[in-house]
Amino acid sequence: MNAWRGPRGHRIVVLFSEASRAAYAREAAERNQTYRFDSAFGEERTWLKGEYAYLAPNAAGLLLARCNLKHDLVEEASLEESVLADCRALLIPNAAHLADTTIARITQWLSRTQGRLIVSGKTNLPPALLGLHSIESVQAEGYTGWQWLEGSPFSGPAWEPLYVSGYAGHRVQRVAPSPGSRVLADLMAFAGDLSNAETVVSRRIGPGIVTTDRTVFIANQVFELIGGMMQAHLNVEPVRHWANPTHWGDTLLFFIRRLLRDVGLADLWSTRLRAFGTYDGVLSFRHDVHGMRDYTMLDYQLQNLIPGSYDIEDPGFSTNITEPMAKDWVARTTRNNFIEPALHNDSSIGDPPTAIHGTGLFTHLINAEKSLGFTVCTCGRHAGGHMHPETLDAMDYLYANHESVLGMCTFCYYHMIEYGVRDPNAMVEGAIGGKELTYITDLRRTIATPGIWYPFHPVVTTDAEWRPLRGWDRTHEYDAAYELVETIFGGHSARQRGVEDVLENGVYSFQYHPELARDPSVNDGKGSLDYVRYCINLAERSNYWIATQRDLYQRMADYEDLVVLTSEDGMSVTVRNPSARRIAGMVLEQKRPFASVWQDEDELVHVAAGGFVTLPPLAPGAEVSLKFSDRDQDEPLLRQPSNKGIVVLDARRIAAEGETRITVSVCRAQPLCVEGVDPLGAYRVQVDDEPARYFAPRIVRTIQAQLSNSKTRKDAEKATLRTKLEGITTFLDLMIQGDENDFVERTIRITRLPAERAEKARVAMLAATPKKTGRVTPTIESVPAED
């Protein structure tokens, strides 16, 4: 397993059982469920098919990461008592061959602590430990799923009557619950027409989800289904359109999330490192450049400071783009560091396609770098060519031999050659067609096959090893019109509105073709630029971070690498950076009440939305400890969240120096609102080494506050400078100048002037303020500081 996986001190553990993996490999060989092929590494690999791949632990980790719950993937041999001592939740997906000592240790842990145990699929844990009277492993003939029962969170007209949650033929557990246990859903077997819940023939197998006050047991291999479909290990075409096709995978994760919260783990959401800061999700553009010189889309994004990745084809390999075209696109996408030039890696040329197996992907990428003249950090696949498992093997070789590549965008629709099988009835048309395939993705509603909107690590799973790849991958949608954008951003799992049904932290990838920006064949003659603009506007309205694929994957890696240790009461947090790189811009969310947060003697003063605290940058190997306190402070405070133009990297009050110091990453001129200031005071502000200036706070009242009856207003009796009064903002109005093309770091130093100097400074500022400022709201001009 990867070096960053293993016991790191987190209070949630996903158990990986090497004994179970090895047993599944032996069983796969006995049942002829393996596939041998020549690896890119020059050796033969034996891939494990179907449920024997043991992809469930990867899916369990994906759910926890999606919920921003820091966790450790721990191999069974490392599950010592010291690891379990502070463990709040232990997830054991599909581990049927745990050692007796492991079972004894888990039993003891559950009896001695208030930990929670979540088990799914195959298991050899004692039934009584799981709230069961008996358990029997049986072979399912087809797909399996859940029928939520009355009284469960997901029964009633807002939800589908049946949900597919287990793959065809995967073993299930036939169980009998113990007295006192609660059955939330029945386990159903499906046959016949699998179009949807109304057409299928269903049969009850037994209880499907059984809970106690400390345990959750899921009788089918739901995590194995999710882990398999994420990386095209399982062909889910027969069922992915069953219901909610754009988010059908997210819906399964949402169900399990609710089970975790209801079993007594909801407080784990109270203090979290947030992968995307104050944002509720992510929009990441990857536009596919085929050569045509229409820069309308790019120009719009540049003008409006909207990041995006532009995937450019290699003219030395592709049949769509010429060298002059590629040169022009590279020139235009390398001028701004919020635009990423990336590789549009080919998956169509050759039979089988050259660049999706063996060393072909690596060779394709390094040749493209030479041809295009930039270092490739991410790729976005051209066409749907995919070979399973050869493409995963090719990715493995690429990541092992090219450190700059952070990830790809691969798992959406497929022109699939699976295990070398060719079907003459499966053939795609057009310029990229003419090949016999195993199956072709049905594109009638969405190309986002897994229905899971979050990056993940694909896993190499052979008879010899189980290993997540270093790089990231994900699904995406392309050339989406207004309605599809709304559906994907909405993220709804229920079929009726008005219930909680959205899985948090969605990462939505949209790909548009620049050549269609003004193409009259699209959008009733208007082209696709309006789709892009609508997508951007809705993302900003939905509070989504808009990021390049490069920046997204780097943020994912930063979040994953950090170790976050939280005290029992959630009021003390230590964050450690074990990586060899600087990590900045991370945010800690605190839902528990607090008045201030401290790093040693410094108060951290970027507290957005009441509870999102920016962590200071962490050097390689560094750690920072934060303490949340009920001590009120009367000093400058930043409530303004980071946004597309300015990102707060560090903000602290250094009491020993009487200074508030703020470090930001900024592009172009951006406003910064510093609150917690004395409305009658004056402040010295210096940006980097520029000449310092004096500022007087502005006091801005909303129209409602101005027009309301001030005599009946009831503001806080003991108002401090930080007290937030409804309709009134008192703040330093700063304009921070960045570079016109790139984000650059700038440091702002703010000190409050003593009373005598403040009075003189205010006189000078008032004298410099014209009688007519052009503002409805009052303002006082800043003046050079008299240092």
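Author: I begin with a side chain: that of threonine 438 reaches the backbone nitrogen of glutamate 418 at 2.7 Å. The model is a predicted one, in which local features need pLDDT of at least 70 and side-chain atom pairs count only at pLDDT 80 or more, while totals for chains, interfaces and linings use all residues. Residues are numbered from 1 along each chain as its sequence is written, and side-chain values use heavy atoms, with hydrogens and water left out.

Reader: What makes the approach of threonine 438 to glutamate 418 a polar contact?

Author: A polar contact is a pair of N or O atoms within 3.5 Å; within protein, one must be able to donate a hydrogen and the other to accept it, and residues adjacent in sequence count only if both atoms are side-chain atoms. The distance to the backbone nitrogen of glutamate 418 is 2.7 Å, so the pair meets the limit of 3.5 Å. A polar atom of the threonine 438 side chain also lies 2.6 Å from the backbone oxygen of valine 421.

Reader: Why is threonine 438 called buried?

Author: Buried means under 20% relative accessible area, exposed over 50%, and partly exposed in between (1.4 Å probe, protein chains only). Threonine 438 has a relative accessible area of 17% and therefore counts as buried. The residue is placed in the loop between β19 (415-418) and β20 (439-440); helices (H or I, at least four residues) and strands (E, at least two) are DSSP runs, numbered from the N terminus. Residues up to four places away in sequence aside, threonine 438 touches Met416, Ile417, Glu418, Val421, Asp423 and Ala426, where contact means heavy atoms within 4.5 Å.

Reader: Why is serine 493 counted as buried?

Author: Serine 493 has 5% relative accessibility, so it counts as buried. This residue is found in the loop between α11 (482-490) and β24 (506-511). Its side chain makes a polar contact of 3.1 Å with the side chain of threonine 251. Among the residues that serine 493 touches are Trp159, Tyr163 and Phe254.

Reader: Why is proline 754 described as partly exposed?

Author: The relative accessible area of proline 754 is 46%, and the residue is therefore partly exposed. Proline 754 lies in the loop between β41 (744-752) and α15 (755-768).

Reader: Why is helix α5 said to be largely enclosed?

Author: Nine of the nine residues of α5 (residues 222-230) are buried, so the rest of the structure largely encloses this helix. The buried residues include Glu224, Gly227 and Gly228. Alanine 232, which follows α5, has a positive phi, near 60°.

Reader: How is the packing of α5 and α6 described?

Author: The angle between α5 and helix α6 (residues 248-265) is about 145°, and their axes are 11 Å apart. Axes are lines fitted to C-alpha atoms, for helices over the stretch in contact, and angles run from 0 to 180 degrees between N-to-C directions. The crossing is left-handed, a term used if the near helix is turned anticlockwise from the far one by less than a right angle, with right-handed used if clockwise. The contact is made by Val222, Phe223, Leu225, Ile226 and Met229 of α5 and Trp248, Gly249, Leu252, Leu253 and Ile256 of α6. These residues divide into nine nonpolar, one polar and no charged; Ala, Val, Leu, Ile, Met, Phe, Trp, Tyr, Cys and Pro count as nonpolar, Asp, Glu, Lys and Arg as charged, and the others, Gly among them, as polar.

Reader: Which strands are the edge strands of the sheet of 11 strands?

Author: The order in this open, antiparallel sheet is β26-β27-β33-β29-β30-β34-β35-β41-β37-β38-β42. Its edge strands are β26 (563-566) and β42 (783-784), each of which pairs on one side only. Two strands pair if DSSP finds at least two bridges between them; β35 (residues 659-666) and β41 run antiparallel and are joined by seven bridges. Isoleucine 662 stands opposite isoleucine 748 in β41.
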